[in-house]
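Dear colleague,

Please find below the structure that I am handing over to you. My findings follow directly after it.

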Protein chains: 2
Amino acid sequence: MTVSATTRGAPRVVEAGDYRVTIAAGLRHDFAKHVAAVAPAHHYAILSDEDVAPHYAGDVVTQFARRGQASLHLMAAGEVHKTRETWARLTDDLLDAGCGRDTTILALGGGVVGDLAGFVAATFMRGVPVVQCPTSLLAMIDASVGGKTGVDTPAGKNLVGAFHQPAAVLVDVETLRTLPVAHRRAGLAEAIKHGVVADADYFDRIRAAMPELLEGNAERMLDLVTRSVELKAAVVRDDAREHGRRKTLNFGHTLGHAVELVSGFSLLHGQAVAIGMVLEARLAERLGVAARGTSDEIERVVRAAGLPAVRPPMLDADAILAATRHDKKARGGSVAYALPARIGVMAGQDTGWAIDVDDALVREVLG
Amino acid sequence: MTVSATTRGAPRVVEAGDYRVTIAAGLRHDFAKHVAAVAPAHHYAILSDEDVAPHYAGDVVTQFARRGQASLHLMAAGEVHKTRETWARLTDDLLDAGCGRDTTILALGGGVVGDLAGFVAATFMRGVPVVQCPTSLLAMIDASVGGKTGVDTPAGKNLVGAFHQPAAVLVDVETLRTLPVAHRRAGLAEAIKHGVVADADYFDRIRAAMPELLEGNAERMLDLVTRSVELKAAVVRDDAREHGRRKTLNFGHTLGHAVELVSGFSLLHGQAVAIGMVLEARLAERLGVAARGTSDEIERVVRAAGLPAVRPPMLDADAILAATRHDKKARGGSVAYALPARIGVMAGQDTGWAIDVDDALVREVLG
């Protein structure tokens with residue numbers, strides 16, 4: 001067992017509704033123990049991708065093989081594989097491996113693996129438990145909490161899916177070591193979002209700690225993951241199905257998803273969300289919803305994280321606008337945005353945290 | 001509006017947990033009114049099949065078009081089309097039609113349409129409301145209550161799916177007029193099952209009314225549908241996710257599904273279940289679980305309904321046995337059955353209503 005300096009001290013535990021998020025350095029060596037406590041099964045099916053599995057799957061599968069049947073099922077890495085076809089193939093692989101209802105699924109990987117494995121679990125024999133073991137910063141602080149699962153279709157991201165709460169979320173921050181630096185930067189976009197949406201102090205702390213975070217300082221990462229999970233869990237706890245306050249977490253995502261889609265997924269999710277946050281904050285200022293300077297403040301932190309803050313010129317503005325129309329947050333034919341009032345406070349409480357914005361204004365801000 | 005003799009009198013209403021089952025003759029002329037009361041939406045997507053739609057879809061779509069956007073989406077009729085491919089295609093059709101989260105899906109058809117439309121609804125943008133409008137006897141008394149949705153895979157029936165409770169179930173018994181008589185007989189298999197599982201008096205009443213039921217006597221059908229829905233709703237109400245008593249409703253279905261699968265779906269579901277009930281009751285008698293004569297009693301009623309009671313010789317017994325091993329009710333490698341103690345009473349309360357049966361005995365009973 002590799003023990004890093006950060007394993008000293010007890011794991012951090014965040015209650016997220018019906019399940020717990022456990023965060024520690026080196027936690028992966030205890031995954032089987034934790035899973036056996038909350039979702040014991042006859043068969044443990046570990047779903048991972050071809051990038052993550054070589055680093056971590058061997059030890060994890062071995063742990064589970066000591067406790068029952070264990071099998072490893074791989075997908076190719078990347079958002080382009082988050083499809084109904086991959087979902088169907090993984091489901092068939094589990095059936096071929098003899099998985100029945102007494103199966104617990106482990107999602108070992110980034111957000112794509114988590115979303116896909118979660119959707120396999122949600123629909124396998126009408127639902128088996130899933131334990132989320134996120135290995136990317138984005139998945140640790142965002143995708144693993146909230147129970148959203150799903151896949152993309154040619155018409156857009158996450159248009160098919162289900163709400164399926166995990167039995168547990170197990171976060172080993174040591175897995176961030178093998179994460180490419182671009183993905184670490186992209187993950188910071190969601191942490192910045194959590195600051196904008198709910199906690200101005202946290203926003204300031206991220207800004208101050210940016211150099212250390214970019215170096216991958218383990219103690220800072222542990223703090224960051226814990227605080228982001230706490231904030232997200234607090235919002236999600238009372239609004240699992242996204243009828244109310246949870247919509248605030250969509251900040252940056254309406255334009256972000258559109259940008260990501262039009263880029264053909266050549267932009268990372270976090271890069272697209274960074275652009276989305278800056279542009280949506282600009283919308284909010286033009287509408288008189290946000291305090292002046294809000295978008296500039298966001299842009300400075302986004303740029304400090306090494307993330308893009310403007311629409312890349314090769315991505316057509318009209319195409320991005322059109323893509324927002326098919327976003328699943330489009331209700332009744334008009335597009336609603338989650339917009340900030342200022343750093344740490346969202347606007348729109350009176351309108352269900354959603355503010356309708358005219359296409360013309362969006363087009364203007366897209367530049 | 002066609003008013004039959006049976007429309008006199010108020011609709012029968014059965015409470016099924018969070019939703020209501022409304023049963024009446026001629027109810028289809030009021031579908032939009034009922035749906036608007038429980039699941040108002042911007043867009044109403046009516047899913048049906050090519051057999052049912054010509055009879056009923058025109059009037060139904062017209063009703064909804066008066067209240068919002070309405071679109072009709074068709075699938076080919078039959079269990080062979082209850083696949084992930086059809087699910088994906090219908091989902092894409094809804095996206096193309098501009099359906100967003102503010103969509104209510106209507107399932108207008110038999111069990112296949114209900115399962116498939118239910119699964120589309122369960123997974124469309126992570127879940128939109130579905131109203132089940134069953135037009136076959138089987139769907140009215142079985143599939144429409146309980147929230148099970150799903151599709152088949154090459155490995156077996158309903159291996160992929162979700163629990164998704166309908167917003168309402170609307171049953172127009174007049175639609176049974178256009179149901180082929182073989183399907184009416186097949187539907188009676190599930191009614192007989194309800195008698196075996198929970199109500200000996202009901203079992204006797206079905207036997208006594210069999211000639212009238214086979215003639216399609218509307219008043220008898222209304223009584224039958226109402227009593228079966230009551231019984232099923234009572235079982236499901238307390239056990240939506242099938243961890244306990246709901247398993248008793250699997251009676252006849254472990255072998256029934258296997259027979260249906262091996263027949264390549266050339267047998268109707270109800271025909272396969274009829275065979276399954278007789279054979280599983282035989283298993284129960286051989287195990288000393290069921291009172292002697294139980295299987296003969298079931299066989300007599302099944303035959304009176306014009307349903308098969310033995311394994312068709314062209315279906316290989318070993319293949320049927322093998323097919324039970326992939327049934328999703330197979331737990332931990334062994335196959336559990338829901339077995340009767342006598343007509344109206346199920347066995348196995350101590351073992352979670354499931355009794356493990358050796359393959360050898362199953363093979364013997366298959367003949």
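Leu47(A) has His73(A) as its bridge partner in S4(A). This is a predicted model, in which local features need pLDDT of at least 70 and side-chain atom pairs count only at pLDDT 80 or more, while totals for chains, interfaces and linings use all residues. Residues are numbered from 1 along each chain as its sequence is written, chains are lettered from A and ligands numbered from 1 in the order in which they are written, and side-chain values use heavy atoms, with hydrogens and water left out.

Strands S3 (residues 43-49) and S4 (residues 69-75) of chain A run parallel and are joined by seven bridges; helices (H or I, at least four residues) and strands (E, at least two) are DSSP runs, numbered from the N terminus. Two strands pair if DSSP finds at least two bridges between them.

The open sheet has seven strands in the order S1-S2-S9-S6-S5-S3-S4 (chain A), with mixed pairing. Strand S1 (12-16) and S4 of chain A stand at the edges with a single partner strand each, so one side of each lacks a neighbour in the sheet.

Strands S5 (residues 103-109) and S6 (residues 130-134) of chain A pair in the parallel sense over five bridges, and Leu108(A) stands opposite Cys133(A) in S6(A).

Yours sincerely
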